[in-house]
Amino acid sequence: PQGFPMPGLTAADLPLQGMTILAVEDSRFASEALRLLCRRAGARLRRAETLAQARAHLRVYRPDVVIVDLGLPDGSGGSLIRDLVLAQPRPAVVLGASGDAQGRARALAAGADGFLDKPVPSLAVFCTTLLAHLPDPGQIGANQTGAALIPDPLALHDDLTHAADLLAQNPDAPARQHLSGFLNGLARR
């Protein structure tokens with residue numbers, strides 16, 4: 001199950017133990033990579049594919065960390081980031097994520113605490129980024145393992161099939177723009 005540590009790991013190996021993370025990400029491939037990173041670090045992961053799903057999720061659950069992809073099918077992740085940083089109570093950490101070179105500037109301008117480049121290169125980068133933005137960095141110990149985790153290739157196949165299905169529907173300009181960003185992100189992985 002997601003979020004449960006792998007057998008044989010000690011608390012020192014689980015730098016995000018007990019943390020709940022919401023990933024607002026429309027790519028199954030990117031979500032699978034985040035799930036593996038969270039599992040290895042001891043965190044629980046929940047996923048929303050759209051802004052609407054994320055907002056519905058946030059009405060019910062209070063994640064510690066929210067990671068928001070900037071290019072979502074129903075709008076810009078920047079709008080969700082702005083809402084999250086103004087929310088009461090506010091998640092402890094709000095991060096933007098993108099494979100786009102301008103993503104970092106857009107996420108920080110929206111108010112994100114930090115940014116994750118996609119693909120996330122290693123568990124160490126993932127954990128260090130999250131821990132660096134916690135209000136009390138001493139509350140969870142940092143693990144410096146540099147292990148890279150590779151998501152399931154079937155998830156990539158599903159994303160490419162989804163993109164092909166969308167193209168076959170003769171999408172309008174906003175949908176083509178989203179699809180272009182989606183495929184660009186997959187290409188960088």
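## Where aspartate 64 sits

Aspartate 64 lies in the loop that links helix H2 (51-60) to strand E3 (65-69); helices (H or I, at least four residues) and strands (E, at least two) are DSSP runs, numbered from the N terminus. This is a predicted model, where local features need pLDDT of at least 70, side-chain atom pairs count only at pLDDT 80 or more, and totals for chains, interfaces and linings use all residues. Residues are numbered from 1 along each chain as its sequence is written, and side-chain values use heavy atoms, leaving out hydrogens and water.

With a relative accessible area of 29%, aspartate 64 is partly exposed, a label for values between buried (under 20%) and exposed (over 50%), using a 1.4 Å probe and protein chains only.

## What aspartate 64 touches

Leaving aside residues up to four places away in sequence, aspartate 64 touches Gly18, Met19, Thr20, Pro91, Ala92 and Val93. Here contact means heavy atoms within 4.5 Å. The side chain of aspartate 64 also reaches the backbone nitrogen of threonine 20 at 2.7 Å.

## How H2 meets H3

The axes of H2 and helix H3 (residues 77-86) come within 10 Å and cross at roughly 20 degrees; axes are lines fitted to C-alpha atoms, for helices over the stretch in contact, with angles from 0 to 180 degrees between N-to-C directions. H2 and H3 are therefore roughly parallel to each other, a term for angles under 35 degrees.

On the H2 side, the contact is made by Leu51, Ala54, Arg55 and Leu58, and on the H3 side by Gly77, Ser79, Leu80, Asp83 and Leu84.

Technical notes
A polar contact is a pair of N or O atoms within 3.5 Å; within protein, one must be able to donate a hydrogen and the other to accept it, and residues adjacent in sequence count only if both atoms are side-chain atoms. Angles under 35 degrees count as roughly parallel, over 145 as roughly antiparallel, 65 to 115 as roughly perpendicular and the rest as oblique.
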